Amino acid sequence: MGFVIIHPDDNVKVNIENGHKYAVRDIKKGESIVKYGFPIGVAKEDIKAEEHIHTHNLKTALSGEKEYTYTPSIQAYTKEKPITISAYQRKNGDVGFRNDIWIVPTVGCVNGIANSLAMTTGAFAFTHPYGCSQLGDDLLVTQKILCNLIKHPNAGGVLVLGLGCENNNITELKKILGNYDEERVKFLNCQDAENEIAEGTKIIKALQQQAQKDKRVNVPISKLKIGLKCGGSDGLSGITANPLVGRITDKITAMGGTAVLTEVPEMFGAEQILMNRCVDQSVFNDTVKLINNYKKYFISHNQPVSENPSPGNKEGGITTLEEKSLGCVQKGGKAPVTAVLDYGDKAETAGLNLLNGPGNDMVAVTNLTAAGCHMILFTTGRGTPLGAPVPTIKISTNTKLADKKAGWIDFDAQSGKDDELFTLIMDTANGKETKNEINCYREIAVFKDGVTL
């Protein structure tokens, strides 16, 4: 049985076969358990050397809002030679790495029509249950997410499919949408059409013909925006896959590209690391608000801020949220934090961006897509077939999973090398399909936080 001690200050070692922790020395009750060089909780009882450490003898030390001090610790970029990749140049200056036709419903009532049109035409329908019986900011969040999908540069054309009587009707949605490419975005109100399937099919075929005229051109890698996500994590996530993705993040941002890290609850316990990498006081202040406001969200619903990890995480060796977070944030590498985005904002600043939103996998990949990410690097220790509307590169933490779920996994972090993953990312940008694309696993979910009428 092989073990690894991640950091010299750690008082635990990790079994590389199952991701579980064991004491490297005697630990007293109330003493901090240290992994990755940081506390991941406190001992609930005396623990002997070599003893298994998990939920029976380790508890979280997380609480509510905190005060933070800005102590800058920003690592200078390692100079990287810029390269070019091929993309579709859009009229507004954005670039896309796919040229698909998307169907975006304004309301869940037309999901069936959207799916029928997708089956008939080969377009991709991104159905959801919202768009009506919503008010205020809750409705606005739905509108912002849908508008960002409608304008996403990976879509060669979009049919916005409305019903007609919903809160989020096409007229209201256009107020949030603003300027758009009228050749690339079309609208259909189903209550107004005599035969919505025939009319929708006609519109989609015209969009497909228009998209066929688009040609790839070479663009600098600085145009690339990658989303960072983990799901079905295990005890190896913070040892193999997440650090690997972090090194890729450093490489791409050093070339002028953009990376977006979300899952705010999975920053709890590791937030100071990110705060110290903020490029200035203003970004630091935004990060403090990001963390404390999300804790307020938990508390307002009478829920503890530490209610995480999931049952699968625990089976895979992760005990506390601090431990999960310290592994999670490693996907951001050591890159400077350049911007903090609210839910529904678009990433416009190169470097590492922090994006408000939950850890829920479906909501998070949608959130990252809506922020403008062209692809998502998704690490997993237990496996998941979930895919975003954009290419979702699944990176396993262990070879056993990669072998077992070869139909889901694109890359094995336990045996693969940095340059091999970087090559896969470049190939994906240039058109190579990911497993989620091959399987047609593409879904969205919108964050809901309001009354339902």
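Colleague: What makes β2 and β3 a hairpin?

Modeller: Five residues lie between β2 and β3, and in that turn Gly19 has a positive phi of about 80°. This is a predicted model, in which local features need pLDDT of at least 70 and side-chain atom pairs count only at pLDDT 80 or more, while totals for chains, interfaces and linings use all residues. Residues are numbered from 1 along each chain as its sequence is written, and side-chain values use heavy atoms, leaving out hydrogens and water.

Colleague: How do you know that β2 and β3 pair?

Modeller: Two strands pair if DSSP finds at least two bridges between them. Three bridges join β2 to β3 (residues 21–23), and the strands run antiparallel. Lys13 stands opposite Tyr22 in β3. Strands are DSSP runs of E with at least two residues, helices are runs of H or I with at least four, and both are numbered from the N terminus.

Colleague: What else pairs with β2?

Modeller: Strand β1 (residues 3–4) pairs with β2 in the antiparallel sense over two bridges. There, Val4 stands opposite Val14 in β2.

Colleague: Which way do the residues of β2 point, and are they buried or exposed?

Modeller: In β2 (residues 12–15), Val12 and Val14 point one way, Lys13 and Asn15 the other way, and all are buried. Buried means under 20% relative accessible area, exposed over 50%, and partly exposed in between (1.4 Å probe, protein chains only).

Colleague: Why is Leu135 called partly exposed?

Modeller: Its relative accessibility is 43%, which falls between the 20% and 50% cut-offs, so Leu135 counts as partly exposed. Leu135 is found in the loop between β11 and α2 (136–150).

Colleague: Why is Glu182 called exposed?

Modeller: Glu182 has a relative accessible area of 57%, and the cut-off is over 50%, so the word applies. Glu182 lies in the loop between α3 (170–177) and β13 (185–189). Its C-alpha atom is separated by 42 Å from that of Thr78, 104 residues apart along the chain.

Colleague: How do you know that the buried residues of α1 line one face of the helix?

Modeller: In α1 (residues 111–121), the buried residues are Asn111, Ile113, Ala114, Leu117, Ala118 and Thr121. Seen down the axis, they fall within an arc of 160°, so they line one face of the helix. The arc is that of the directions from the helix axis to the C-beta atoms. On the other side of α1, Met119 and Thr120 are exposed.

Colleague: Where does the chain take a positive phi just after α1?

Modeller: At Gly122, where phi is about 85°.
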